[in-house]
Amino acid sequence: MDTLPKITPLRPSRYALDFNALPQHVALIMDGNGRWAKERNLPRIEGHRRGSDNVDPIVTFCREIGIRHLTLYAFSMENWARPKDETLALMELLKDYLVCKRGKFIKNEIRFQTIGDLDRLPHFVVEEIEETKRLTKDLNRMVLTLALSYSARDEIIRAVNRLLKDKDQHRFQDSYISVHDFGRYLDTQSLPDPDLLIRTGRERRISNFLLWQSAYTELYFTDILWPDFNETCLIDALRDYQSRERRFGRISEQIGEE
Ligand code: IPE
Ligand code: IPE
Ligand code: MG
């Protein structure tokens, strides 16, 4: 796991948030674009366009208040089952987002990375993903991870297969693997586990996102559809997070003991 430099939030007191107790890693399931469009009699793709426009303000805000890791579920492996015109439109929006925002990533010192199986993505997107990764690989203020063609079960199975291959090739000698070592085979190997997982868009499910990593993550569900999810909604989620006691199996009296 890499260490990021400590930063001071730019706009401290305004939000009644404890900036010393922010989640280190926020994961977000950006759901509800289709219903946002439907409620306005617009085509689904217009919902995706508005959803895509909403990514930059949220990334910028997280960067500004000092969230160190932000992971966005942008496209699941299961989403490939959607109509072709919709998946293609999503790929084009993704490409446009990267081309348009990578200058800002550099300016704001945001490292861009992905999790998921990029093999299924069209070449025109993979090219821009690789270029954005290359340009931002040494940046250290915040890490933005997009989950693309991602499925947690697929990630775990790919990890197991990599492990078996390492064993075959004698790169892995032991006949026992620890939880910690297994984590190094996952796509999220360089990331801490998410502290807070937010899902927008009314559903109360995880939809195959970060199943291994969210063992002790705080879950927050909101009815707000992704295109409407703004700074205030995020602050509400962070405040809710800060009101919780994370016990990790222990009892209240033990919290803060060490
Ligand atoms: C989230 O919005 C975007 C992706 C899954 C790619 P949806 O497209 O799932 O929107 P709803 O759930 O149909 O409203
Ligand atoms: C989850 O949303 C995936 C993303 C937001 C990328 P879906 O809309 O695909 O989830 P389900 O199908 O409602 O579970
Ligand atoms: Mg959905």
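Analyst: With a 1.4 Å probe and protein chains only, buried means under 20% relative accessible area, exposed over 50%, and partly exposed in between. The model is predicted, so local features need pLDDT of at least 70 and side-chain atom pairs pLDDT 80 or more, while totals for chains, interfaces and linings use all residues. Residues are numbered from 1 along each chain as written, chains are lettered from A and ligands numbered from 1 in the order written, and side-chain values use heavy atoms, without hydrogens and water.

User: Is Pro-192 buried or exposed?

Analyst: Pro-192 is located in the loop between helix 7 (179-183) and strand 5; helices (H or I, at least four residues) and strands (E, at least two) are DSSP runs numbered from the N terminus. The relative accessibility of Pro-192 is 7%, which means that this residue counts as buried.

User: How far apart in space are the C-alpha atoms of Pro-192 and Arg-111?

Analyst: In sequence, Pro-192 and Arg-111 are separated by 81 residues. Their C-alpha to C-alpha separation in space is 15 Å.

User: What is the volume of the largest pocket?

Analyst: A pocket is an open set of points on a 1 Å grid over the protein atoms alone, where a 1.4 Å probe fits, with protein on both sides within 12 Å along at least five of seven lines. Its volume is the space filled by probe spheres set on the points. For the largest pocket, this comes to about 710 Å³.

User: Which element gives the most residues to the lining of the largest pocket?

Analyst: The lining comprises 32 residues, a lining residue having an atom within 4 Å of a point. Two or more residues each come from helix 1 (33-38), helix 2 (44-53), strand 2 (69-76), helix 4 (84-107) and strand 4 (142-150). With five residues, the element that gives the most is helix 4.

User: How many charged residues are in the lining of the largest pocket?

Analyst: Asp, Glu, Lys and Arg count as charged, Ala, Val, Leu, Ile, Met, Phe, Trp, Tyr, Cys and Pro as nonpolar, and the others, Gly among them, as polar. The lining has 14 nonpolar and 10 polar residues, and the number of charged residues is eight.

User: Which side chain has an N or O atom 2.8 Å from an oxygen atom of ligand 2?

Analyst: Among the residues around ligand 2 are Ile-29, Tyr-73, Phe-75, Asn-79, Arg-82, Arg-199 and Arg-205. From an oxygen atom of ligand 2, a side-chain N or O atom is 2.9 Å away in Asn-79 and 3.2 Å away in Arg-82. The 2.8 Å distance belongs to Arg-205.

User: Which residue makes a side-chain polar contact with Asp-56?

Analyst: Asp-56 belongs to helix 3 (residues 55-65) and is buried, with a relative accessible area of 13%. Beyond neighbours within four places in sequence, Asp-56 is in contact (heavy atoms within 4.5 Å) with Tyr-97, Lys-101 and Lys-104. A polar contact is a pair of N or O atoms within 3.5 Å; within protein, one must be able to donate a hydrogen and the other to accept it, and residues adjacent in sequence count only if both atoms are side-chain atoms. At 2.9 Å, the side chain of Asp-56 is joined in this way to that of Lys-104.

User: Why is helix 3 described as largely enclosed by the rest of the structure?

Analyst: The buried residues of helix 3 include Val-55, Ile-58, Phe-61, Arg-63 and Glu-64. Helix 3 is largely enclosed because, of its 11 residues, the number buried is nine.

User: What is the phi of Leu-210?

Analyst: Most residues other than glycine have a negative phi. Leu-210, in the loop between strand 5 (196-199) and strand 6 (218-221), counts as buried at 1% relative accessibility. Although Leu-210 is not a glycine, its phi is positive, near 45°.

Definitions and conventions. A residue is near a molecule or strand if one of its heavy atoms lies within 4 Å of it.
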